[in-house]
Amino acid sequence: MTAEVLRVPAELSAREPAEQRAPGRARDAVRLLVSRGAAEPAHHTFRELPELLSAGDVLVVNTSRTLPAAVDGRIGDGRGRGEPVVVHFSTRADGRYPRPEAAAGDWAVELRTPDGRGSTRQRAGGPAGTVVRLPGGARLTLRAPVDPGSVRLWWARVSGAPVADVLRRYGRPIRYGYTDRDQPLSAYQTVFAVGSPDGGGSAEMPSAARPFTASLVARLVSRGVQIAPVTLHTGVASAEAYEPPYPERFAVPPSTAWQINAARAGGGRVVAVGTTAVRALESAAGPVGRIRAASGWTDLVVTPERGVRAVDGLLTGLHEPEASHLLMLEAVGRAAAGGAAFEDALCRAYAEAVRQRYLWHEFGDLHLVLPA
């Protein structure tokens, strides 16, 4: 991207959900930038999505629910002294987690410093052995960095109460400084979110699906657009670090694998709703793009060099220029452009989004990338 596109003005951050920006608005009252191959981007509203897709197309949606993953804590002796922190619970390890540093039952966590305005700022984690006292008498002990090259995320063990109970009783959704205020957990749940039998979920909302409403889904289905579910539980991102994603737990059910393979055989397009859906699908794709049922952990990072095998289009939010998600967006864009370079078209689309005052982040506007 050019230096011009890299500068996204701070005032273009969406500070509250769409339905709170004006009386009578709904979630789907956001804008939709549409890129088709290397063509100039077009402007639409999100409510026009059914008219932009065709019968036989498949929208792949992430059904992971958002957890109240932020909990206040204090590093100290439990007598009111010590450093206040906010613990962001990211990812729960199990016996199948692919990295040896994690033990089953550990949680990857990020410790952040309250900024006095209801949000947080970045803070180095550690050292090993640090104890954070949580509400209700629970204690969190840091064990080791998730990545030896970074001190942001740490493996930790919680004692004194199950983590699910701590989150349910004392947690709130993770909030970053560009938002105006705390929102209820319901503001971070998508229409597709379902509970997980083991209590799992996403530390941060699969936000590309947030603008969908029940009425919009009904319109899509009435036009012959299919909805296919996958699950990928996202960990915490970092608005400061722009790190690539860590391993995340995913599942592609047999019915979804069959649905996607049948649609592609019949000429339908597979459009992923969010980068999480791309990561889940591509983790279950064979060399020629055929999807198989799969579940477990994925550490796949989709890049333009790797390309995509199972996805023809992508519906996603507008990402910060430094975010690793843009590599995935470029990979999908190259496929949509028939193998041609998509970087110039992506630059034009983001420049146009800035000029037209599109809004960024989880409560913002959307970008749809389709084949030419």
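Modeller: The second largest cavity is lined by A70, V86, H88, G118, S119, T120, R172, P173, I174 and R175. A cavity here is a set of points on a 1 Å grid over the protein atoms alone where a 1.4 Å probe fits but cannot get out, and lining residues have an atom within 4 Å of a point. This is a predicted model, in which local features need pLDDT of at least 70, side-chain atom pairs count only at pLDDT 80 or more, and totals for chains, interfaces and linings use all residues. Residues are numbered from 1 along each chain as its sequence is written, and side-chain values use heavy atoms, leaving out hydrogens and water.

Colleague: How much space lies in the second largest cavity?

Modeller: The second largest cavity holds about 40 Å³.

Colleague: And what kinds of residues form its lining?

Modeller: Four are nonpolar, four polar and two charged.

Colleague: Turning to S202, where is it?

Modeller: S202 lies in the loop between α3 (163-170) and α4 (214-222).

Colleague: Is S202 buried or exposed?

Modeller: S202 has a relative accessible area of 0%, so it counts as buried (under 20%, with a 1.4 Å probe and protein chains only).

Colleague: What does its side chain reach?

Modeller: The side chain of S202 comes to 3.0 Å from the backbone nitrogen of T234.

Colleague: Which helix holds V354?

Modeller: V354 belongs to helix α8, residues 343-355.

Colleague: What does V354 contact beyond its sequence neighbours?

Modeller: Leaving aside neighbours within four places in sequence, V354 is in contact (heavy atoms within 4.5 Å) with R7, P9, L12 and W360.

Terms used:
1 Å grid on protein atoms, 1.4 Å probe; cavity = no way out; pocket = protein on both sides within 12 Å on 5 of 7 lines; lining within 4 Å. Points joined across faces, edges and corners; volume = space filled by probe spheres on them. Nonpolar A, V, L, I, M, F, W, Y, C, P; charged D, E, K, R; others polar. Helix = DSSP H or I, 4+ residues; strand = E, 2+ residues; numbered from the N terminus. Buried < 20%, exposed > 50% of the residue type's maximum accessible area, 1.4 Å probe, protein only. Polar contact = N/O pair within 3.5 Å; in protein donor to acceptor, adjacent residues only side chain to side chain.
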